[in-house]
Amino acid sequence: MRRRKVEETVLKGLMIASLGLVLASLAGILLVVIHRGISSLSLAMIFMVPEGGYYLGQGGGIANAIVGSILLAFGACLLSSLVGLPIAFALQREYLGPRLARITRLSLDILWGTPSIVYGAFGFVVMVYFGLTASLLAGVLTLSLLMLPIMTRSIEEIVRMMPQELKETSYALGATRIETTLAVTYRQALPGIVTGVLLAFGRGIGDTASILFTAGYTDYLPRSLLDPVASLPLAVFFQIATPIPEVQQRAYAAALILLVIVLVVSLGSRLIGRRYSRNVIK
Amino acid sequence: MPHISLSNLTISYGEHRVLRDVTVDIPDGQITAIIGPSGCGKTTLLKTLNRLVDLYDDIRVEGEVRIDGANIYDPQADVLALRKKVGFLSQKPYPLPMSIYDNVSFGPKIHRMDGRQILDQIGQLQKHFAPGGLSGTGEGRSRISNDREMDLLVEYYLRLAGLWEEVRDRLHAPAAHLSIGQQQRLALARALAVEPEVILADEPTSALDPISAKLIEGQFRILKDRYTIVVVTHILRQARRIADYVIFLYLGELVEHGPADFFFRNPQDERTRAYISGEIS
């Protein structure tokens with residue numbers, strides 16, 4: 001009896017300790033970023049592109065990187081949902097045989113674990129083959145490859161957890177597979193779909209290596225899909241590497257902006273998701 | 001009216017035979033109860049009648065199931081049309097993840113029923129059942145949606161399933177918010193709305209409270225005038241209350257079947273007697 005109580009206390013202590021560790025690290029990162037970055041944060045930083053001498057501590061901002069990151073992440077998110085959602089639904093046993101589904105899942109898991117620099121290198125090779133230069137288009141394509149396994153696998157897990165009887169209800173009314181998928185499975189999985197897309201978005205907008213060669217970097221705003229484009233992770237990287245303290249501070253400000261974007265997108269989509277998931281069957 | 005006739009029906013999951021050589025006719029316009037201990041193949045038999053068993057891996061169906069004379073396992077058979085003709089109620093009701101209204105209109109919409117067909121269908125049905133108060137021109141209705149016929153259909157079937165009064169003010173609320181008893185009646189309304197001729201029900205009251213269960217049983221008694229109803233149940237008393245005809249399965253074998261009166265008064269087989277007296281369960 002005593003042993004069981006001790007076991008209970010120890011395990012509970014472990015859980016609280018892990019939770020505390022995670023929260024403390026998160027708070028630590030936030031504190032450092034805010035503490036070091038907040039003083040350089042200004043409207044100019046958000047709305048202006050770098051002026052000459054910006055990287056030596058003179059005027060301008062990183063609007064180029066903010067716009068670039070948003071375009072890259074949203075573009076890649078859109079593209080990867082267009083491919084990922086159908087794959088996630090197709091992995092249901094109504095569509096794919098169990099063997100093919102297993103092989104697809106395994107490939108996605110391997111892709112998930114692949115370092116993003118490999119995506120960058122692959123994107124670069126393909127780009128060179130087609131005679132493209134670093135551009136928004138190439139960045140979006142590479143980033144969407146990176147997002148695809150994350151999005152697809154997490155959505156697919158949700159779809160697979162769905163009660164079989166719910167689908168049977170739809171089939172029993174004479175619905176086809178597609179009607180069942182669109183009207184029932186999709187709606188029921190919607191909160192999970194939002195989470196999956198967000199996971200991929202968060203990973204994508206913060207990724208540096210995959211867009212290093214493919215999207216390039218520039219001090220200007222892109223005017224077409226074929227222009228190179230700046231991004232926040234690279235803006236952080238370039239600025240933090242300089243010996244000038246003002247510029248280093250700006251790196252933290254850029255990181256802060258990145259965090260705020262992720263926070264806003266995350267909260268916003270959860271809010272929208274909740275609105276559309278009131279019909280979900282518990 | 002469809003005539004359901006099973007001959008030499010054998011069903012196996014992989015190597016395991018769930019049903020063996022079942023041959024029986026299911027009478028029209030009556031409530032047939034399939035009874036037997038758990039795991040005797042009742043649910044499988046039921047799901048064979050609308051080919052829901054198709055959804056399971058590794059299942060093999062041998063023999064014939066004829067509905068209206070046509071073998072529904074014929075490779076040419078139209079499964080979607082079959083499932084429209086043979087409605088299904090599951091043990092635990094699963095509302096579709098949409099509003100109460102959309103749950104009822106889901107079937108008619110996927111079967112592309114137009115306003116004319118809907119009115120004809122309700123007109124036909126009303127000769128049998130005129131659930132009180134269906135006006136057809138309620139003022140509130142045009143406010144809810146523009147599709148007048150669909151509104152009428154939703155109201156009619158919700159009345160027929162005995163749910164209308166409880167949900168008339170919140171038709172566009174999520175069906176998930178209903179109580180489980182209400183959900184089962186919603187499932188009934190939803191199944192009836194595609195105009196089936198047969199209703200299959202898999203222990204439809206086992207997840208419900210006694211009052212909801214009684215409501216469902218009551219609806220079945222009303223509906224059997226026009227529909228052929230097949231109910232799987234493991235509650236003997238329920239079978240006695242509602243069944244006109246009884247099929248008794250034991251370990252995948254059809255032991256005995258016959259009109260309910262006769263079946264319960266004069267069981268022929270020893271196993272049937274043991275089951276009815278409660279010696280085996």
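Q: What average pLDDT does chain B have in this predicted model?
A: This is a predicted model, in which local features need pLDDT of at least 70 and side-chain atom pairs count only at pLDDT 80 or more, while totals for chains, interfaces and linings use all residues. Residues are numbered from 1 along each chain as its sequence is written, and chains are lettered from A in the order in which they are written. The term pLDDT denotes the predictor's confidence in each residue, from 0 to 100. In chain B, 94% of the residues score at least 70, and the average is 88.

Q: Over which residues of chain B does pLDDT stay under 50?
A: Where pLDDT is low, the predicted coordinates should not be read in detail. In chain B the model has six contacts beyond four places in sequence for such a stretch, a contact being two residues whose C-beta atoms, placed from the backbone, lie within 7 Å. The stretch comprises residues 136-144.

Q: How many residues does the contact take from each chain?
A: On the side of chain B that touches chain A, α2 (79-85) and α3 (100-110) of chain B each supply at least two residues. Helices are DSSP runs of H or I with at least four residues, strands are runs of E with at least two, and both are numbered from the N terminus. The contact takes 22 residues from chain A and 23 residues from chain B.

Q: How many helices and strands does chain A have?
A: From the N terminus on, the elements of chain A run α-α-α-α-α-α-α-α-α-α-α. The chain therefore counts, by the DSSP runs, zero strands and eleven helices.

Q: What percentage of the residues in chain B is buried?
A: Chain B has twelve helices and ten strands. A residue is buried if 20 or more other C-beta atoms, placed from the backbone, lie within 10 Å of its own. Of the 281 residues in chain B, the buried share is 44%.

Conventions: A residue is buried if 20 or more other C-beta atoms lie within 10 Å of its own, exposed if 12 or fewer, and partly exposed in between; C-beta atoms are placed from the backbone.
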